[in-house]
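Here are my notes on the model you sent, as numbered points. They start with the domain layout and then turn to the ligand site and one surface feature.

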Amino acid sequence: MRAADLVAFSWNVLRGYGARTLLILLAMGIGVAAVVAVSAIGEGARLYVVNQFGALGTNLVIVLPGRSETAGAMPGVLVGKTPRDITLDDALALKRSHAIRRIAPLIVGAGDVHSGTRHRETPVLGSTAEFKDIRGMELAQGRFLPEGDPRHSTPVCVIGTTVAAELFGAGAGETRALGEWLRVGDRRFRVIGVLAKQGESLGFNTDEIVIVPVAAAQALFNTSALFRILAEAKSRDQIPAAKSDIEEIMRERHEGERDVTVITQDAVLATFDRILTALTLAVGGIAAISLAVAGILVMNVMLISVTQRRAEIGLLKALGATGGMIRLAFFTEAVMLALGGAALGLAAGKLGEVLIGQVYPAIPFSAPLWALAAAPAVAIATSILFSVAPARQAARLDPVRALSKR
Amino acid sequence: MIALAGIGRVFRVGGEEVHALRDVNLQIAAGEFLSIMGPSGSGKSTLLNVIGLLDRPDAGRYLLDGRDVTALPDDELARVRREKLGFVFQFFHLVPRLSAAENIELPMVLAGIDPAERRARLDRLLGEYGLRERAHHRPSELSGGQCQRVAIARALSMGPAVLLADEPTGNLDRHTGQDVMAVLERVHAGGGTLILVTHDPEIGARAQRRLRMVDGAIAGDDKA
Ligand SMILES: Nc1ncnc2c1ncn2[C@@H]1O[C@H](COP(=O)(O)OP(=O)(O)OP(=O)(O)O)[C@@H](O)[C@H]1O
Ligand SMILES: [Mg+2]
């Protein structure tokens, strides 16, 4: 039997039993669409997180006090004794490294911020002029913290747009904040800049913060300890060198104790990447179960079809069809169904992807390539696998008996 | 051409043995027109199925064109059926999804014959059996006589040496039955071997050689 005739014959069968064909196409299509849509959501979440880290600044190396047991992970639980604090001098010492372009010390606290009668509680960050470039921040108005010796405190601050709007006037547009005085705790700062609207960036909503010089923050919170040091490596390749330089310098300054944790953006990113990829694979796999269910449906429908078409199969044998030809005809039918279902499913999955993309435009939904290849492949494989039994049953049918029943 | 020696066929139905054929010895020459008659259950269909290689005998030897086909593997039997044998059934057995033309084409499709060659043969058969106007009709849109003509054209599409017909008129009225018989006799007149099972004495009598079966054995073999 010629391949073209085989396809034409199967096509005729599929058309002849339209309801049955539609049912299987639907089941297959839903299975494939589910895999595509679910993996698109997983991949979207992964890309979203990766992008968020990217927004944190490029080539970022973060130094935090305490030795975390799980290197490369988030700031871990501190073991044993309280670690030595990281000081501003430690931070400035890091500038010695040739792998580091700039550093920014960071102190974080919560402050009661007043302006006239209005007040609100906001996170207050203490840092230096370089913080802006390390975090890739933009200003809407004014300028950022002045350059100069970070050990000196100047009474100036930069505020987020929400803070500006709430304390200095209505509306999101131009506010009268610039040049005004702001009271944080018992200290007064002049507003010299308003940050551009940026929104959430892993942990902080930069629209809701107040940034003051690091020395001012030290006085304000009555501490000399830094929350973190942010360092920017000169390039991506320099990140490991920067990391080892930092560890070396810090050890020197802390009498040989390794009591800081240095995390690179890469390591954190890789961890998240792994977790989310695994998650996507897992949910994709769960969705693929629906493909197996579709396969069982194919088998069921094919078995019914063998019974329904007994006389026809007997006739084909009487006309000289071998068992192999009959089997092949059933396989062809199954593959055509799977191909149709897969095409339908891919289209539906893509459509679903676009639709959820409309609802959550911030998340870059897009099915990964492996899902687009694996879903149809699994559909075809299951439908061939599950049509083995019916095809064999048909091929073994005794022509005399098959023909004797009308 | 066909030589059966000591053919036996036994069915087991619920522990009981039914001897559908017992020790059948039969020689059929090329170009013969043979009718098989006998009471219901006498083994006529079983004999035809054995000759048509649809059923295997439990005993005896079957030579077709001098070749022992008793123990051929299934796929080889299918090939011999495809190339040498044509079947016509009481209930036509047309594929309801396919048009008359597609039904006639079916054996040629299974044999993998070139589409151009198929079209040529199809065209000749449609003309020969007066089916040209009905070529694109489904079996459900055809009369019983037309259906049987389609079935005969289909059986002949591969140019078989032997045409086997099991009660081909059994499902037709008298007049249409005569019509179909005329078609079959034309095949015989063209040199084909025709083996026909029938309950109708009048039709059986039209054959030159009349076999009578009783209880699985040949009880009479008249040659005119
Ligand atoms: N597949 C089978 N299983 C069991 N018994 C069978 C089978 N096929 C035929 N028989 C038995 O074999 C015997 C011969 O059957 P066969 O069909 O050859 O008779 P027949 O002469 O064609 O009868 P009819 O004129 O009614 O068609 C019958 O007793 C029948 O019951
Ligand atoms: Mg019979």
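1. Chain A is split into two domains: domain 1 takes residues 3-52 + 270-404, and domain 2 takes residues 85-258. Between the C-alpha centres of domain 1 and domain 2 of chain A the distance is 56 Å. Please keep in mind that this is a predicted model.

2. A nonpolar surface patch is made up of A:Val283, A:Ile286, A:Ile289 and A:Val293. Together these residues have about 360 Å² of accessible area. A:Val293 sits in helix H8 of chain A, which runs over residues 265-308.

3. Which residues come nearest to ligand 1? They are B:Ser40, B:Lys44, B:Ser45, B:Thr46 and B:His199, out of 14 residues around the ligand. By class, the shell around ligand 1 holds five nonpolar, seven polar and two charged residues.

4. Three elements of chain B each supply at least two residues of the shell around ligand 1: strand S1 (2-13), strand S2 (16-28) and helix H1 (44-51). The largest share, three residues, comes from H1(B).

5. Polar contacts to oxygen atoms of ligand 1 involve both backbone and side chain. A polar side-chain atom of B:Lys44 is 2.8 Å from an oxygen atom of the ligand. For B:Gly41, a backbone N or O atom is 2.9 Å from a ligand 1 oxygen, and for B:Gly43 the corresponding distance from a backbone N or O atom is 3.1 Å. Ligand 1 taken alone exposes 630 Å², of which the protein buries 67%.

6. For any follow-up on the ligand site, the list to start from is that of the nearest residues, B:Lys44 and B:His199 among them.

Conventions
Residues are numbered from 1 along each chain as its sequence is written. Chains are lettered from A and ligands numbered from 1 in the order in which they are written. This is a predicted model: local features need pLDDT of at least 70, side-chain atom pairs count only at pLDDT 80 or more; totals for chains, interfaces and linings use all residues. Side-chain values use heavy atoms; hydrogens and water are left out. Patches are made of residues with over 30% relative accessible area and no salt bridge: like charges are joined within 9 Å, nonpolar side chains (Val, Leu, Ile, Met, Phe, Trp, Tyr) within 5 Å. Accessible areas come from the Shrake-Rupley method with a 1.4 Å probe; for residues, only the protein chains shown count as cover. A salt bridge is a side-chain nitrogen of Lys or Arg within 4 Å of a carboxyl oxygen of Asp or Glu. Helices (H or I, at least four residues) and strands (E, at least two) are DSSP runs, numbered from the N terminus. A residue is near a molecule or strand if one of its heavy atoms lies within 4 Å of it. A polar contact is a pair of N or O atoms within 3.5 Å; within protein, one must be able to donate a hydrogen and the other to accept it, and residues adjacent in sequence count only if both atoms are side-chain atoms. Ala, Val, Leu, Ile, Met, Phe, Trp, Tyr, Cys and Pro count as nonpolar, Asp, Glu, Lys and Arg as charged, and the others, Gly among them, as polar. Domain bounds come from an automatic or database domain assignment.
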